[in-house]
Amino acid sequence: MLKFFHDKKRLSILYCLTRYDLKLSCLGVQAVAEEVDVKLYEQIFGCVPTRLIIESLKSGEKSFKDIHSELEKNSEGLGEMVTRLHLSLLEMRGLVEKTDKGNEKYFKLTDKWKKLEEKIKSQKT
């Protein structure tokens with residue numbers, strides 16, 4: 001229960017303690033968010049098709065056909081459905097953005113991915 005103090009000194013102490021508690025809880029949320037980012041990054045690079053898609057898209061926007069042909073070169077027997085699955089998982093996580101241009105679908109890395117990669121690289125150094 002919140003108590004009101006008429007004394008300015010007590011009020012300022014209460015205010016400082018509240019701010020300190022809020023700061024600690026915000027730091028806790030930030031630490032959890034960073035841990036989630038690290039796990040997401042590890043999941044992506046732990047999966048060969050997903051990692052190859054990300055590496056392919058680092059050079060810029062590409063069509064589904066281009067991405068799939070690059071994956072087939074590096075992973076024997078990888079079907080189109082597997083490529084579609086990994087692209088859709090990356091899109092659901094907000095790391096890849098899809099645009100339709102006529103009958104062709106094009107994919108590119110989002111700013112979320114670029115920020116995640118920068119954060120992970122800065123933590124390693």
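**Exercises on strand pairing and salt bridges**

Strand β1 (residues 62–63) pairs with strand β3 (residues 104–109) in the antiparallel sense, over two bridges. The model is predicted, so that local features need pLDDT of at least 70 and side-chain atom pairs count only at pLDDT 80 or more, while totals for chains, interfaces and linings use all residues. Residues are numbered from 1 along each chain as its sequence is written, and side-chain values use heavy atoms, with hydrogens and water left out.

**Exercise 1.** Identify the salt-bridge partner of K101 and classify the accessibility of both residues.

*Solution.* Step 1: a salt bridge is a side-chain nitrogen of Lys or Arg within 4 Å of a carboxyl oxygen of Asp or Glu. Step 2: K101 meets E61 at 2.9 Å, N to O. Step 3: K101 lies in strand β2 and E61 in the loop between α2 and β1, so the pair ties together parts 40 residues apart in sequence. Step 4: buried means under 20% relative accessible area, exposed over 50%, and partly exposed in between (1.4 Å probe, protein chains only). K101, at 45%, is partly exposed, and E61, at 36%, is also partly exposed.

**Exercise 2.** State where E117 and K58 lie, and whether each is buried or partly exposed.

*Solution.* Step 1: the side chains of E117 and K58 form a salt bridge of 2.6 Å, N to O. Step 2: E117 is in helix α5 (residues 111–124) and K58 in the loop between α2 (48–57) and β1, so that the pair links distant parts of the chain, 59 residues apart. Step 3: E117 is buried at 12% relative accessibility, whereas K58 is partly exposed at 37%.

Methods. Pairing = 2+ DSSP bridges. Helix = DSSP H or I, 4+ residues; strand = E, 2+ residues; numbered from the N terminus.
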